Amino acid sequence: QTTSSALKGAIQLGITHTVGSLSTKPERDVLMQDFYVVESIFFPRWVLPLPGTIPCGIPWCQGPCVPVFPGSEGSNLTPAHHYNDFRFKTYAPVAFRYFRELFGIRPDDYLYSLCNEPLIELSNSGASGSLFYVSGDDEFIIKTVQHKEAEFLQKLLPGYYMNLNQNPRTLLPKFYGLYCVQAGGKNIRIVVMNNLLPRSVKMHLKYDLKGSTYKRRASQKEREKVFPTYKDLDFMQDIPDGLFLDSDMYNALCKTLQRDCLV
């Protein structure tokens, strides 16, 4: 079983490597085959500490580190670390580089936010059992996803690409990267997205709305929490008149939602 600290470290090492290596490749137009590319790199195990040895690849690690197997695969390509062996996969790297540029995310800002400080694990996992991490500056959120979810997102990428170009007001989530950490015989797939709920913003009421009424009422256990997350039926009961928007905002919102549903 991959521990949380090891997973967070592997994520940061992998993202640092893949974004850094991508920066050496010239920018070009996104091609259809770019959506289906999967790049893989092996990170052999390294151990701490030996004075005067190779510095660790994680900025906040207290290093230095040294490889257990200096001649093993990847030792000349990957930075030192003290976790177990793992393999890091990057899905559609060129396509996601384009998406990040479109959203105004510079490579160095992306790396600094995600990899300069330890990731923060959120205690409230989703109903699916996913793990959530936020970057130290609250800019990005990382979510673990099931194999089918990751597969679906990759298949969605061509349509997502078209939607971003044709519908700049899209309300779809902003996806910045799709990755997989292979360790201990497990595949842990993660997606990096924009964080809409920074910890610095105090929320008085929180509703998770999915546009459905089937089993969409917060449980008694959820209601007993200090900051419960309510659902669709709760919203209809608590705010029966809904939200009031001016006509221009309402029309623009409806149009955007209709276009987003075509992806």
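## Helices α1 and α3

The axes of α1 and α3 cross at roughly 170° and come within 10 Å of each other. Axes here are lines fitted to C-alpha atoms, for helices over the stretch in contact, with angles running from 0 to 180 degrees between N-to-C directions. Helices and strands are DSSP runs numbered from the N terminus (helices H or I, at least four residues; strands E, at least two). The two helices α1 and α3 are therefore roughly antiparallel. For such labels, under 35 degrees counts as roughly parallel, over 145 as roughly antiparallel, 65 to 115 as roughly perpendicular, and the rest as oblique.

From α1, the contact uses Q12, I15, T16 and V19; from α3, it uses P107, Y110, L111, L114 and C115. Contact means heavy atoms within 4.5 Å. By class, the residues of this α1 contact with α3 are 7 nonpolar, 2 polar and no charged. Nonpolar covers Ala, Val, Leu, Ile, Met, Phe, Trp, Tyr, Cys and Pro; charged covers Asp, Glu, Lys and Arg; the others, Gly among them, are polar.

## Model and chain

This is a predicted model, in which local features need pLDDT of at least 70 and side-chain atom pairs count only at pLDDT 80 or more, while totals for chains, interfaces and linings use all residues. Residues are numbered from 1 along each chain as its sequence is written, and side-chain values use heavy atoms, with hydrogens and water left out.

The protein chain holds 7 helices and 9 strands. Of its 263 residues, 38% count as buried. Buried means under 20% relative accessible area, exposed means over 50%, and partly exposed lies in between (1.4 Å probe, protein chains only). The chain exposes about 15800 Å², and carbon and sulfur atoms supply 56% of that area. Accessible areas come from the Shrake-Rupley method with a 1.4 Å probe; for residues, only the protein chains shown count as cover. Take the contacts between residues at least 6 apart in sequence: 66% of them join residues at least 24 apart.

## Helix α2

The buried residues are P93, V94, A95, F96, R97, F99 and R100. They pack against helices α1 (4-22), α3 (107-115) and α4 (147-166), and against strands β1 (38-43), β4 (86-91) and β8 (175-183).

A92 sits in the loop between β4 and α2. Its phi is positive, about 45°, although A92 is not a glycine. A92 counts as buried, at 0% relative accessibility. After α2 comes G104, with a positive phi near 80°.

## Where α2 meets α4

Helices α2 and α4 pack at an angle of about 25°, with axes 12 Å apart. That makes α2 roughly parallel to α4. The crossing of α2 past α4 is left-handed, a term for a near helix turned anticlockwise from the far one by less than a right angle (right-handed if clockwise).

In α2, F96, Y98, F99 and L102 make the contact; in α4, L157, Y160, Y161, L164 and N165 do. The residues of this α2 contact with α4 divide into 8 nonpolar, 1 polar and no charged.

L164, in helix α4, counts as buried at 9% relative accessibility. Beyond its neighbours within four places in sequence, L164 contacts F99, L102, F103 and T170. L164 and D260 are 96 residues apart along the chain, yet their C-alpha atoms are separated by 9.5 Å.

## The segment after α7

V263 lies in the segment after α7 (247-260). V263 is partly exposed, with a relative accessible area of 33%. V263 and Y160 are 103 residues apart in sequence, with a C-alpha to C-alpha distance of 6.4 Å. Leaving out neighbours within four places in sequence, V263 is in contact with L156, G159, Y160, N163 and L172.

## The loop between β9 and α5

R199 lies in the loop between β9 and α5. R199 is partly exposed, at 46% relative accessible area. Not counting residues up to four places away in sequence, R199 touches I120, V134, S135, G136 and D138. The C-alpha atoms of R199 and D137 are separated by 9.7 Å, and the two residues are 62 apart along the chain.

K215 is also found in the loop between β9 (186-194) and α5 (220-223). Phi of K215 is positive, near 55°, in a residue other than glycine. K215 is exposed, with a relative accessible area of 64%.
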